Amino acid sequence: MRNKTLVCLLLLFAAILLLPTSTPAQPALPPVLCDRLQLQQVVMNLLINGIQAMIPVTDRPHELSIRLHRHEGEQALIEVQDTGVGIPPENMKQLFNAFFSTKPDGMGMGLSICRSIVEAHGGCLWASPNLPYGSVFRFIVPVMVDRISASSSG
Ligand SMILES: Nc1ncnc2c1ncn2[C@@H]1O[C@H](COP(=O)(O)OP(=O)(O)OP(=O)(O)O)[C@@H](O)[C@H]1O
Ligand SMILES: [Mg+2]
């Protein structure tokens with residue numbers, strides 16, 4: 001494992017332990033039928049990218065958040081938001097291409113793998129600016145809907 005990645009992982013675990021958390025009340029999400037390790041890999045890649053994007057920022061707080069919502073009834077929406085350097089508009093189209101990286105030691109494979117995993121689960125993954133600073137990566141995956149109770153209750 002490269003040193004920088006190890007440092008990022010340690011920072012991530014420290015952040016999970018030390019940062020204040022807020023959990024807005026919302027109804028429980030139905031389960032998602034997925035390969036748990038693969039979706040963990042997606043979330044981990046997005047969190048590490050977010051941490052790396054905040055390393056050069058020295059003039060504002062570093063805020064990394066992850067949120068989970070129910071989206072349009074039958075999907076889970078996961079958002080990973082940071083206050084890092086942000087994504088220049090000219091890079092937006094290439095972000096998910098294999099081997100696209102702006103980091104000196106980057107492979108440029110993280111987002112490409114994330115997108116393949118999410119699409120293999122019937123979902124999609126995209127990036128947007130996080131205003132006023134940073135980026136937000138969102139992905140949706142279908143949830144398991146109890147169709148019998150849904151149709152009998154209507
Ligand atoms: N949260 C983010 N904020 C700003 N830019 C980002 C963010 N996440 C990704 N990027 C940009 O997208 C590029 C591709 O990301 P990707 O995760 O695919 O590769 P990488 O992080 O460079 O290398 P690795 O293969 O080690 O993950 C990054 O080099 C960076 O320019
Ligand atoms: Mg990466």
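**Ligand shell, sheet and helices of the predicted model**

Helix 2 gives the largest share of the shell around ligand 1, namely four residues, where helices (H or I, at least four residues) and strands (E, at least two) are DSSP runs numbered from the N terminus. The model is a predicted one, in which local features need pLDDT of at least 70 and side-chain atom pairs count only at pLDDT 80 or more, whereas totals for chains, interfaces and linings use all residues. Residues are numbered from 1 along each chain as its sequence is written, while chains are lettered from A and ligands numbered from 1 in the order in which they are written.

Around ligand 1 there are 22 residues, of which Ala53, Ser101, Gly106, Met107 and Gly110 come nearest; a residue is near a molecule or strand if its C-beta atom, placed from the backbone, lies within 6 Å of it. The elements that give two or more residues to this shell are helix 2 (36-54) and helix 3 (110-120). By class, the shell holds eight nonpolar, 12 polar and two charged residues, with Ala, Val, Leu, Ile, Met, Phe, Trp, Tyr, Cys and Pro counted as nonpolar, Asp, Glu, Lys and Arg as charged, and the others, Gly among them, as polar.

Four strands form an open antiparallel sheet in the order 1-2-4-3, two strands being paired if DSSP finds at least two bridges between them. Strand 1 (64-71) and strand 3 (124-129) are the edge strands, each of which pairs on one side only. Strand 1 and strand 2 (residues 75-82) are joined in the antiparallel sense over eight bridges, and Ile66 has Val80 in strand 2 as its bridge partner. Helix 2 packs on the sheet, where it touches strand 1, strand 2 and strand 4 (135-142), and its direction makes about 20 degrees with that of strand 2; contact requires C-beta atoms, placed from the backbone, within 7 Å, and angles run from 0 to 180 degrees between N-to-C directions, with axes fitted to C-alpha atoms, for helices over the stretch in contact.

Helix 3 lies across strand 3 and strand 4, running at about 130 degrees to strand 3. Within helix 3, Gly110, Leu111, Cys114, Arg115, Ile117 and Val118 are buried (20 or more other C-beta atoms, placed from the backbone, within 10 Å of the residue's own). Seen down the axis of helix 3, these buried residues fall within an arc of 165 degrees, so they line one face of the helix, the arc being that of the directions from the helix axis to the C-beta atoms.

Conventions:
Contact = placed C-beta atoms within 7 Å. Buried ≥ 20, exposed ≤ 12 C-beta atoms within 10 Å, placed from the backbone.
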